[in-house]
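Hello,

I am passing on the structure we discussed. Please look it over alongside the notes below.

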Amino acid sequence: MKPKTFIDFRGGYHTDTPPSLMRENEMQACENLQWRDGLVKRNGIRQYSSTTFTGSLKGGIATYLNSTYRTILAQDDGAATTFFHGNADTFASLSVNFTTGKGKVYFTDVNQQVVAANGFDDPIVITNTGSWTVETIDAKDARDLDNIDWWAGQWDDGAATECVDDTADAQSTTASDYNLATTTNNDGFYVASDFTFNKITMYGSEQFGGSPVAEYRYSKDDETWDTLTLTTTPTWTDAEANKDMVFTVPSDWGRATSDMVDDANATGRYVIRVRFTTAPSGAADCDYLSLHHTKKFTEITGGEKADYLVTHKNRCFMSFENSVLVNYSPPNVVTGWRIDEVEYFLEGGETVTGLISFRDYLVVFKENAMYGYFGDSFANFRREKLSDIGTISHRSAAVVGDYLIRVAYDGIYAFDGERDVKVSKHIQTDFDTLSGNQAAAVEYQNEYWVAFPINNVILTMDPDTIRKDDAGDFIGAFYKFTGTGDVRVEQFIKRLGTYDTGILQGLCNKPAAPYLSRVDNGADDDSSTAISTDFQTAYLFNDGYVHGFRRFKVVLDEVATTTASAHTLSFHSDYGDRTATTTLTVSKGSSYETHEVTMPYTMDGHNLSVRIQNSTNRGCGLQQFSLSRNNRRF
C-alpha cells in the first residue's frame, strides 16, 4: 500500500472527544505549538519594559493622545493604585492615584480622553494636550449654575414673612450688598434652585465678629428641614475672603413647600438654609454668590463606583460594582452626564459582568445573560436579550472577525449575531481546571487568544475553524500554550502605534516584580526558559484492519541553531496498549530535515498514534509525516 502522508494539523487538540470519533487532523495533544501553514513552536513571552514596577499591574491601554501613541498602565502596590505612561519601553509616573489598591483597573478612550475605573474609587479622566491632566469625572464635569436657575435671600426668623428675596444683590458684583447675617439670633440666608448643587461660593465674605454658631439645613422630601453635613465648612471669623460651603447632595433632598418657605421664588425648588443660632457681634455681608455642582456624576450614579468601561458610537458606557445599571455619556465627551441616560439589565445575575462593542450595537454581559443595546441616542435605544449565556470575565470577551467570543461559567462561547454556541466542549476536561473568572483575551492575527493567568495557560483559536463535530456539537480548533514559568499574563494590549506597529504585549505579574512583556516574540520565555512542545495525533487508521506499520518518515523544521536539537519520537498502538520510543536529532543550522524510522513489529495493530516532543530554547516545528503499512482483514 502506498504511504499515507499527513500535512493538515489544523483541528486543534482534544481532551474529551472519544478516540474513535477524532478526525485525522485533530490531536490528543498540541502543547506550545500553533498552526502557521504547518505546526511551529509558539514564540516566547519576554520582558519589554525597562521600568521597574512594584506590587502588580492591574490594567492598561494603548491609545493616541496629543499626536502620539502611548501606553497607560495601572500599578497596585497594595496601598494605592498609581498610573504610568510611556510611548516606548520606558514609563513615567503620573501624579495621581486611586486611593485604594483594590481590584483590576479598566480603561477606555473617548476622543483622546482616557477614562479609568476600578469599582472602588471615583473614575478618573486622563488627557494630554502638551502636559498631563488627571481629574475625576466629577471634577471634569463640574457645573456652574446659571443665574436664571437660582434665587437667594435673607432669612428673618422673627418676622411674619421669614424669607426676604434678595436675588438681585446675590447675583450682582456690587461690593458688600448681600447680607449673610444680622446681630439677631437665628437670622441668616437661603439659596433656592431648580437643580441640585453642592457648593456655594460667597465672594468677598466679610469677617464675622464675636463667636457665631451656624446651623445648616436642607429641604427634605418629607417637607421638613434636616441637618446638612458639610465637607467644607466656612470659618466665618476668618478675614474677608471668598468662602465656600461644600456638601454631599442629600439623597432625600426635596423641593420646599410654601409651608417651609414663604418666598414664591423658593417654593417648589431645592433650598439650603443657613441660620446663625448665635449671631455675630455685627452684621456681615458678601459681594455676591455663585452656585456649583462638583459632584454631579456621583449624584447621578448614586455614589456607586464604576467598574467596566467601553466606548461605543463615540459614547462612554460604564457599569457599576454590584449593579444592574449602565450609564452613558453624550457623544465624544465624558461630561454632561444625565440621570435619565441609563438602562437596567435585570435578568441573568446580580450584576453586569462586562461591556463590549460588537457590530453596530453594545453588548452587555451578565453571568447568565447577554443583551444587545441597539440605537444611537436616548430617543431610539432598544434593549434585547441575545442569549442566556453571559461571561464570568469582562476581559475574556473579544471580537474576532464576525464572532464575539468569551469565557462563560461552563466553557468558551462564540456568538455570530444570531447563534450563540459553545465551542470548547471537546476540551472540557482542560477548561474545568482553569480559573475562568480571571481570563483575559484579545484578537490577534485574526485569532482569539485568551490567557488564564492563575494557571499560566493561554489558549488560541481561529474562528474560521468553528465547525460541527460528528456528534453535532460546535467546536473550534484550540491550541494550548503552557510552561511560561511564573510569567502570568493578566491582560493583553495590542500596540498599533508607529513605534512598534502590531506587536502584542501583556501585563505580566511575577512574584519578583511585574513588568510589561512582549508576547509572541523570540524562541523562549524570559530570554532563557526553554519552551517544551508536545504533539500527539489522534489514533489513526481505525478502518477495521490490522495494520503492519513498516516505515515512518517525518519532516521537521528548526530555526538555525548553534547546536543540534533532540526530538523524542514515540509510537502508541491500539489506544496506547504498546509504545515504542526513539530520538530524532535535527542537525545544527538546519532548516527542514527529513528523518526515516523503521517501525518495530510490536507497533502492528488496529491503530497508531504518533507523538513528538521537544524542549529547547530554539524554534522548531513539524511540516508533515508519512506512514507506510500493509493490511489484513480483522
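Glu 299 and Lys 296 lie three residues apart in helix H3 (residues 296-300), so about one helical turn separates them. In this predicted model, the two form a salt bridge, with 3.5 Å between the closest N and O atoms. Glu 299 is partly exposed at 25% relative accessibility, while Lys 296 is buried at 17%.

The structure holds 38 salt bridges. One of them joins the side chains of Glu 347 and Lys 385, at 3.4 Å from N to O. This pair links distant parts of the chain, 38 residues apart: Glu 347 is in the loop between strand S30 (342-344) and strand S31 (352-358), and Lys 385 is in strand S34 (residues 382-387). Asp 141 and Arg 143 also form a salt bridge, their closest N and O atoms being 2.8 Å apart. Here Asp 141 is buried, with a relative accessible area of 4%, and Arg 143 is partly exposed, with 24%. A network of salt bridges links Asp 157, Glu 215, Arg 217, Arg 273 and Arg 275.

The largest nonpolar core has 54 residues, and Leu 39, Ile 412, Leu 459, Phe 552 and Phe 625 have the most contacts inside it. Strand S49 (residues 545-558) gives the largest share of this core, four residues. Another core, of 30 residues, lies apart from it and includes Phe 208 and Leu 289.

The count of disulfides is zero. For Cys 163, the nearest cysteine sulfur is that of Cys 286, 17 Å away. Cys 163 is buried at 5% relative accessibility, and Cys 316 is buried at 0%.

Regards

Technical notes
Residues numbered from 1 in each chain as written. Predicted model: local features only at pLDDT ≥ 70, side-chain atom pairs only at ≥ 80, totals over all residues. Heavy atoms only, no water. Core = buried A, V, L, I, M, F, W, Y, C linked by side-chain atoms within 4.5 Å. Buried < 20%, exposed > 50% of the residue type's maximum accessible area, 1.4 Å probe, protein only. Helix = DSSP H or I, 4+ residues; strand = E, 2+ residues; numbered from the N terminus. Disulfide = S-S within 2.5 Å. Salt bridge = Lys/Arg side-chain N within 4 Å of Asp/Glu carboxyl O.
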